[in-house]
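Visitor: I'm new to this one. Could you walk me through how to read a few of its features?

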Amino acid sequence: MVALKTFLPDEDATLALGAALAAGLEPGLVIYLRGELGAGKTTLVRGVLRALGHSGPVRSPTYALVELYEVSRLHLHHFDFYRFHDPREWIDAGFRETFNGRSVSLIEWPEKAGGILPPADVEIALTTSGCGRSASCIGNSPRGLRCIARLAERYPPSPSVS
Ligand SMILES: Nc1ncnc2c1ncn2[C@@H]1O[C@H](COP(=O)(O)OP(=O)(O)OP(=O)(O)O)[C@@H](O)[C@H]1O
Ligand SMILES: [Mg+2]
């Protein structure tokens, strides 16, 4: 399977999709998160981090551009390029070094980064649909396809048995 499309009726469903995505992560993976303001991109990242065992807050890196997490033996970089205007900012901050093949990159607003990003292995698009969201997850490379295949094995999550 190369693509997964699903409807996310509420925030918990977005968190669950993030948890399923966490199972497919491997070092070096570059994931673009597309969608308008409030589409649920940061919520999805929160779902990923919670599933990996991160218990602290997951802040939107709108001003800092990037937040770093080390969790479950993965280095994870969460970017938000919404307020990124000048690629020199990027060079000054030494951010290129963050795409070193060892860390996982989850990137909000990649289209605002002015073409300085490596290509996406995985692209996830979230769109508002009624009160919920539609999600489409696509793999663009061999490791991106592996990620989506693992995600699809775990999604939708089976209902818990009580
Ligand atoms: N599937 C869903 N259905 C309804 N609401 C959702 C869903 N997923 C997330 N939300 C809600 O959408 C709101 C915005 O989410 P979030 O901050 O993750 O968006 P974002 O795409 O990161 O926005 P921005 O571009 O501003 O960073 C939050 O209040 C969150 O609870
Ligand atoms: Mg966000």
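Visitor: At what angle do H1 and H2 pack, and how far apart are their axes?
Guide: Keep in mind that this is a predicted model. In general, two packed helices are described by the angle between their axes and the distance between the axes. Here H1 and H2 pack at about 55°, and their axes are 7 Å apart. That angle makes H1 oblique to H2. As for handedness, H1 passes H2 in a right-handed crossing.

Visitor: Which residues of H1 and H2 meet?
Guide: On the H1 side, they include Leu15, Leu17, Ala19 and Leu21. Among their partners in H2 are Leu44, Val45, Val48 and Ala51. Sorted by class, this contact of H1 with H2 has 10 nonpolar, 4 polar and 3 charged residues.

Visitor: Now the ligand. Which residues come nearest to ligand 1?
Guide: Of the 19 residues around ligand 1, the nearest are Leu8, Gly40, Lys41, Thr42 and Thr43. H1 (11-22), H2 (41-51) and strand S7 each supply at least two residues of that shell. Its classes come out as 5 nonpolar, 8 polar and 6 charged.

Visitor: Where is Ser141 found?
Guide: Look in the loop between strand S7 (132-139) and helix H4 (142-154).

Note on methods: Residues are numbered from 1 along each chain as its sequence is written. Chains are lettered from A and ligands numbered from 1 in the order in which they are written. This is a predicted model: local features need pLDDT of at least 70, side-chain atom pairs count only at pLDDT 80 or more; totals for chains, interfaces and linings use all residues. Helices (H or I, at least four residues) and strands (E, at least two) are DSSP runs, numbered from the N terminus. A residue is near a molecule or strand if its C-beta atom, placed from the backbone, lies within 6 Å of it. Ala, Val, Leu, Ile, Met, Phe, Trp, Tyr, Cys and Pro count as nonpolar, Asp, Glu, Lys and Arg as charged, and the others, Gly among them, as polar. Axes are lines fitted to C-alpha atoms, for helices over the stretch in contact, and angles run from 0 to 180 degrees between N-to-C directions. Angles under 35 degrees count as roughly parallel, over 145 as roughly antiparallel, 65 to 115 as roughly perpendicular and the rest as oblique. A crossing is left-handed if the near helix is turned anticlockwise from the far one by less than a right angle, and right-handed if clockwise. Two residues are in contact if their C-beta atoms, placed from the backbone, lie within 7 Å.
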